[in-house]
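I opened my notebook to look up a few spots in this protein, one entry at a time. Have the viewer beside you and follow along.

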Amino acid sequence: RFAQLTGRQYRLFDYLGAEDAERVLVLMGSGAEAAEETVDHLLARGEKVGLLKVRLFRPFAPQYLIDALPPTVTNIAVLDRTKEPGAEGEPLYKDVITALAEHQMSDRPRFKAPPKVVGGRYGLGSKEFSPAMIKGIYDELAKPQAKNHFTVGIIDDVQGRNLAWDPTFRTDANRNTRQCLFYGLGSDGTVSANKNSIKIIGDATDFHVQAYFVYDSKKAGATTVSHLRFSQSPINSSYLIGADDADFIACHHPVFLERYELLDMAAEGATFLLNTELERDAIWASFTVASQRQIIDKNIKLYCINAAAIAERHGMGKRINTIMQACFFAITDLMPTEPAIDAIKQAVASTYGRKGRAIVQQNNEAIDDALAEVYPLNGNWRVDSTRKLRPPVPDTAPEFVQRVTGEIIAGRGDLIPVSLLPEDGAYPVGTAAYEKRNLGQEIPRVDYDLCTHCGKCAFVCPHSVIRSKAFPAELAVEAPPTFQHQQIKGRDYPEGLHISYQVSPEDCTGCKLCVDICPIRDKSNVSHKAINMVPKAPSGPEEKDNWTFFEQLPDYDRRLAKIDTMKGAMLLEPLFEFSGACLGCGETPYIRLASQLFGDRMVVANATGCSSIYGGNLPTTPWAANREGRGPAWNNSLFEDNAEFGLGMRLALDQQRILARDLLARLNGELDATLVEDILNADESDEAGIHEQRQRVAALKEQLAALNTEPARLLLSVADSLCKRSVWIIGGDGWAYDIGYGGLDHVLASGENVNILVLDTEVYSNTGGQTSKATPRGAVAKFSAAGKPTAKKDLARIAMSYENVYVAHVAYGAKDVQTLHAFIEAESYDGPSLIIAYAPCIAHGIDLEDNHRQQQLAVDSGHWPLLRFDPRRAEKNHNPLHLDSKPPSIPYREFARSEARFNMLWRSHPEQAERLLSEAQHEVSQRF
Ligand SMILES: Cc1ncc(C[n+]2csc(CCOP(=O)(O)OP(=O)(O)O)c2C)c(N)n1
Ligand code: SF4
Ligand code: SF4
């Protein structure tokens with residue numbers, strides 16, 4: 001019945017191939033499709049090969065497997081898409097070996113001689129599994145002694161387990177398929193437009209269609225590549241489009257011409273569609289030498305469009321997706337243009353209809369303009385460019401960054417040999433600094449005539465792009481001419497000490513939040529502030545030089561910085577920089593702040609969520625080390641066990657410290673007695689104390705190295721634990737309120753000295769905005785389409801019930817100094833601390849340019865009271881709870897109606913929206 005309904009029928013094992021096959025592949029899953037395509041190709045050339053697809057793995061039915069194999073088989077390769085550490089073979093391989101061995105021992109074995117079986121791994125580490133690789137495996141099976149326990153796709157130059165294969169091998173199916181590639185910029189709509197195109201063509205024509213979408217986990221500015229295939233026959237090509245294969249390539253942003261040799265992917269006679277703002281006669285020169293050569297050699301047809309101008313004209317901002325989609329249909333002959341355009345317009349109506357007719361109208365007009373304005377670019381071309389690809393990382397980067405990180409950034413990660421990868425899995429830090437994303441068209445510039453050095457701009461920058469440093473004026477004598485600096489203001493700092501607020505122009509995302517927060521305006525021109533956005537183009541190169549100069553200036557002595565003031569705290573170097581979070585993300589400023597205050601002693605357990613993604617976004621990480629090589633140690637275990645993971649870090653560090661102190665006492669007679677005494681009684685409650693202890697421990701290590709006895713060596717290995725470490729357990733509300741809550745509660749109750757930072761976006765942001773117990777009543781989120789009917793869980797109140805937990809509720813955009821003080825107090829508290837931090841997110845349906853305003857509204861409406869609960873105050877008979885925000889000054893409605901997550905409900909369920917709003921208002925009033 002299933003077969004009748006779906007046209008698909010499965011046996012426990014499906015055999016395909018020659019009846020008298022000698023070489024047979026056994027595997028399961030999607031890779032079997034590419035294998036089928038390869039077998040068809042080889043059979044057509046008379047090769048005696050076969051393929052056994054495993055349809056049911058457990059329970060495993062060995063007799064059916066034996067029956068399905070051709071009796072002529074002599075060599076079998078069993079492929080597993082897994083690596084089972086500690087086992088002598090992978091699971092399917094071992095099952096097949098056992099089945100064959102048991103069968104051979106039976107009364108009537110089916111095979112004259114037992115077939116030789118080898119096992120191999122494929123497709124691990126996101127590696128491709130292509131017909132060329134599969135052909136390589138069949139070739140290996142033809143050898144008298146095929147390699148066992150091989151890998152395919154990985155360049156294993158350490159154990160030499162990889163098989164050789166010919167990357168130019170193609171199947172007949174590949175030649176009979178139309179293959180299209182689209183390069184888009186993350187969140188420009190390219191992927192959704194292609195999903196729609198596939199649907200249109202699949203519905204309207206008799207083509208079989210297929211699509212793969214490749215992108216990394218950066219939240220903004222990533223490259224997306226859509227691989228679309230169309231064929232008159234069913235498509236089994238379960239792999240990406242390869243070099244020289246694409247019949248159509250679209251480049252949706254000209255920046256890709258500098259990053260990738262896109263035309264390496266083009267087939268002979270392919271079509272190339274370029275979105276460019278350049279005039280016709282300037283376009284040819286914008287290609288690299290290699291691209292120009294490819295265009296000529298492969299007879300590539302060029303089409304161009306200024307989609308950005310059309311989008312701008314119709315008020316669509318950067319959304320060029322429907323424009324480029326219309327061009328795709330206009331210049332390819334996959335289906336007649338007219339019905340395709342009708343279908344795109346229908347999709348526009350159903351996607352954007354809810355947002356209003358104006359948006360639908362804008363898109364429709366832009367589509368019509370696209371059809372009128374896309375043009376072929378012809379010429380008597382010759383190779384005359386001098387352009388080359390921009391190197392993915394600067395040539396000043398360390399060797400590892402150039403040979404590994406840079407290659408991954410450039411999209412050549414699959415070609416990195418095993419020998420170049422770190423043996424222990426530890427990756428260098430601070431690598432996001434090499435990945436210049438150049439997202440901002442405008443960058444901020446400080447007006448030093450107005451600037452009061454308040455530090456607020458550096459405090460709010462979600463990408464740690466604008467920094468401040470204080471330095472003796474004489475160090476700036478050799479500064480580039482446009483480098484800005486002036487005497488630092490305020491009684492706390494000496495004459496001759498200068499300050500500079502400097503932007504890294506290539507890392508700025510142009511989010512404008514630094515300008516938004518600046519409180520100082522020019523009285524004669526109120527639109528001019530002490531910091532303003534200016535176009536990057538003219539000043540960019542100078543600012544780059546200024547940044548390079550700024551970077552080499554020494555950091556201000558941490559012992560002298562007044563870290564409880566905003567200005568002082570912002571003089572500390574951030575050890576979390578240039579993350580790939582969304583532009584204007586509300587989470588990252590909290591993490592950056594912690595890295596500034598405590599980064600050189602931080603140990604971080606990070607729950608899975610946005611913060612683990614932008615925090616450990618291979619190949620780069622924003623977590624960095626300072627000049628002395630000190631920086632946060634960071635790890636991500638799981639979503640659900642993060643609190644326990646961090647507690648384990650604390651307990652391990654404490655055990656090491658106990659051991660070190662014990663050894664110190666035992667070795668006292670052999671070491672400088674005063675030094676031992678001072679180390680054991682050190683006060684590390686401030687930066688000066690921490691600095692002194694580090695110096696003492698450095699001296700101790702020297703003495704221990706000279707001693708060279710067993711206890712001395714043991715103490716040397718744990719001596720660093722004698723210095724203060726600050727354990728941070730970080731994650732989102734989905735982790736803290738829901739999935740990791742049991743662990744969180746356990747850690748709060750443990751009394752151990754850990755700091756927990758909850759980045760509360762009030763939804764599961766990383767996976768697209770699902771409801772959590774932190775979601776406020778009335779908000780629409782995934783799983784709460786009719787508005788969340790229940791109240792937000794009061795995590796702060798639960799934590800306060802323990803009495804010995806430091807608790808803070810903060811919102812940096814509403815009261816920055818309260819946030820700063822909460823972080824300092826939390827870390828200084830010798831017990832569990834919990835900071836619940838309000839973090840506006842794209843999932844709130846707001847423009848993150850309004851991030852600070854939304855935080856203010858949340859606080860002013862009473863939705864997000866600011867508070868600090870410090871058990872140390874109770875010990876002095878004071879109220880431990882300190883409310884840092886005033887009673888609500890605006891109705892809850894004013895906050896709710898300013899965010900689409902609430903507002904949507906008034907459109908879909910107006911009565912429900914009103915009811916939930918009044919319940920939420922009641923809740924707030926009750927709370928105060
Ligand atoms: C046990 C488990 N379930 C689900 C997931 C998938 N997952 C990864 S991140 C994430 C959402 C995280 O949300 P939150 O904790 O609120 O952090 P945010 O992304 O908002 O910063 C989910 C559901 C997972 N990794 N592990
Ligand atoms: S515009 Fe945004 S990214 Fe750039 S410096 Fe300002 S706050 Fe930072
Ligand atoms: S928390 Fe929201 S704004 Fe920040 S990176 Fe995640 S999805 Fe983007």
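**Entry 1: a strand on the inside**

I began with strand β23 (residues 726–732): seven of its seven residues are buried, so the strand is largely enclosed by the rest of the structure. I noted the cut-offs: buried means under 20% relative accessible area, exposed over 50%, and partly exposed in between, with a 1.4 Å probe and protein chains only. Helices (H or I, at least four residues) and strands (E, at least two) are DSSP runs, numbered from the N terminus.

Before going on, I wrote down the ground rules: this is a predicted model, where local features need pLDDT of at least 70 and side-chain atom pairs count only at pLDDT 80 or more, while totals for chains, interfaces and linings use all residues. Residues are numbered from 1 along each chain as its sequence is written, chains are lettered from A and ligands numbered from 1 in the order in which they are written, and side-chain values use heavy atoms, leaving out hydrogens and water.

Which residues cover the two faces of β23? I found Ser726, Trp728, Ile730 and Gly732 on one side, and Val727, Ile729 and Gly731 on the other, all buried.

**Entry 2: the partners of β23**

I looked for pairing next; two strands pair if DSSP finds at least two bridges between them. Strand β21 (residues 602–606) runs parallel to β23, joined by five bridges. Here Val604 stands opposite Trp728. Strand β24 (residues 755–760) also pairs with β23 in the parallel sense, over five bridges. In β24, I found Ile756 as the bridge partner of Ile729.

**Entry 3: ligand 1**

How many residues surround ligand 1? I got 16, and the closest are Glu587, Cys610, Gly734, Ser765 and Asn766. A residue is near a molecule if one of its heavy atoms lies within 4 Å of it. The shell divides into five nonpolar, eight polar and three charged residues. For those classes, Ala, Val, Leu, Ile, Met, Phe, Trp, Tyr, Cys and Pro count as nonpolar, Asp, Glu, Lys and Arg as charged, and the others, Gly among them, as polar.

Helix α26 (733–739) and strand β25 (763–764) each supply at least two residues of this shell, and α26 gives the largest share, three residues.

I then checked distances to oxygen atoms of ligand 1. A backbone N or O atom of Gly734 lies 2.8 Å from one, a polar backbone atom of Asn766 is 2.9 Å from one, and a polar side-chain atom of Thr761 lies 3.2 Å from one. Taken alone, ligand 1 exposes 590 Å², and the protein buries 75% of that; these areas come from the Shrake-Rupley method with a 1.4 Å probe.

**Entry 4: ligand 3**

Around ligand 3, I listed residues including Lys219, Cys582, Cys585, Cys610 and Cys841. Thr761 and Ser765 are also in the list. This shell divides into seven nonpolar, two polar and two charged residues.

**Entry 5: another sheet**

I moved on to an open sheet of three strands, in the order β15-β17-β16, with antiparallel pairing. Its edge strands, β15 (466–472) and β16 (486–487), each pair on one side only. Two bridges join β16 to β17 (residues 497–503), and Gln487 stands opposite His498.

My last stop was Ser504, in the loop between β17 and α17 (513–517). Is Ser504 buried or exposed? Ser504 is buried, with a relative accessible area of 1%.

Key: Polar contact = N/O pair within 3.5 Å; in protein donor to acceptor, adjacent residues only side chain to side chain.
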